[in-house]
Amino acid sequence: MTLVILAAGMGSRYGGLKQLDAISNKNESIIDFSIYDAIKCGFKKVVFVVRQDFLDTMKALYLPKLQNKIKVEFVCQEVTNIPEEFKNNNRVKPWGTAHALLTVKNVVDDNFCVINADDFYGANAFLKMAEFLNKMTPSSGEYAMVGFKIQNTLSENGSVSRGECYLDANNYLKKIVERTNISLINNRIIYTENNQEKEIQKNSLVSMNFWGFTPTIFREMDALFYQFLKENYQTDKKEFYLPSVVNHLLETKKATVKVLETNSNWLGVTYKEDKTAVISKITELKKDGVYPESLWS
């Protein structure tokens with residue numbers, strides 16, 4: 001199994017390259033904890049999707065510490081990674097998470113999971129995904145997603161956006177609906193839709209971009225990205241999002257997605273002020289023995 005880490009984005013609200021921010025007294029980042037959990041669950045390779053301008057920094061940081069622990073590869077996501085016929089544009093903004101995933105298609109040939117670099121998912125999420133991927137053949141069109149309870153994914157320092165998951169009776173995903181401006185207000189979780197405030201139940205499952213795929217996803221994504229570019233290659237802001245790809249595959253019945261529910265608390269640094277809480281939680285997890293004092297020593 002391969003772990004794909006999407007690390008090419010900059011955190012606009014956070015204000016910098018949060019992927020490399022230390023969250024422990026051993027100078028470990030959120031990425032370190034994800035890789036540590038993945039190795040424990042049997043993943044044999046990690047692929048970083050980065051931008052060219054910090055490729056050398058990532059290599060210098062991760063190649064030494066992961067040597068003899070897991071196979072490591074790096075792939076660059078650039079706005080020019082598109083077919084020649086669509087390069088006549090002034091695009092600066094990256095093409096989105098689905099495009100980022102497409103960049104790894106030549107280095108991933110087994111079952112894999114894909115995660116965000118700046119999200120802490122917890123060991124249980126990796127365990128559930130590993131169990132699923134180990135059962136799938138590489139030619140399967142059955143995929144998976146780890147679903148988090150929305151009450152475990154909020155920030156105390158501002159609103160967030162989350163993809164609300166709608167499931168059938170067998171815990172297969174029916175669709176994902178993006179909810180924006182989500183906040184905890186008077187012990188109620190409120191989001192905004194069409195300028196109106198609506199409530200969402202605390203146990204509702206949301207996607208935190210923790211997906212499990214077989215290599216069959218790349219063929220489908222190639223065709224969808226080509227169509228996306230035909231319609232949007234001269235726009236500056238439209239993005240090719242992974243949840244949109246999944247929704248399309250569900251609607252056209254080209255794939256199924258099993259939702260693997262976890263009770264883990266998500267941790268992340270959407271805002272700079274979130275960092276203090278993340279450090280505190282990581283310190284607590286180490287104290288409780290969930291993680292060793294030093295991940296890589």
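A pocket is an open set of points, on a 1 Å grid over the protein atoms alone, where a 1.4 Å probe fits and protein lies on both sides within 12 Å along at least five of seven lines.

The model is predicted, with pLDDT of at least 70 needed for local features and 80 or more for side-chain atom pairs, while totals for chains, interfaces and linings use all residues. Residues are numbered from 1 along each chain as its sequence is written, and side-chain values use heavy atoms, without hydrogens and water.

**View A. The second largest pocket holds about 390 Å³ of space** (the volume filled by probe spheres set on grid points joined across faces, edges and corners). Its lining (residues with an atom within 4 Å of a point) has 16 residues, and Leu154, Ser155, Glu156, Leu267 and Ala277 are the closest to the centre. Strand E13 (267-268) and helix H7 (274-287) each give two or more residues to this lining (DSSP runs numbered from the N terminus: helices H or I, at least four residues; strands E, at least two). H7 gives the most, four residues. The lining divides into six nonpolar, seven polar and three charged residues (Asp, Glu, Lys and Arg are charged; Ala, Val, Leu, Ile, Met, Phe, Trp, Tyr, Cys and Pro nonpolar; the others, including Gly, polar).

**View B. Helix H5 (residues 216-232) packs against helix H6 (residues 242-251).** Their axes (lines fitted to C-alpha atoms over the stretch in contact) are 11 Å apart, at an angle of about 105 degrees (N-to-C directions, from 0 to 180 degrees). H5 and H6 are therefore roughly perpendicular (65 to 115 degrees). Ile217, Glu220, Met221 and Leu224 of H5 meet Leu242, Val245, His248 and Leu249 of H6 (contact: heavy atoms within 4.5 Å). Six of these residues are nonpolar, one is polar and one charged.

Terms used: Angles under 35 degrees count as roughly parallel, over 145 as roughly antiparallel, 65 to 115 as roughly perpendicular and the rest as oblique.
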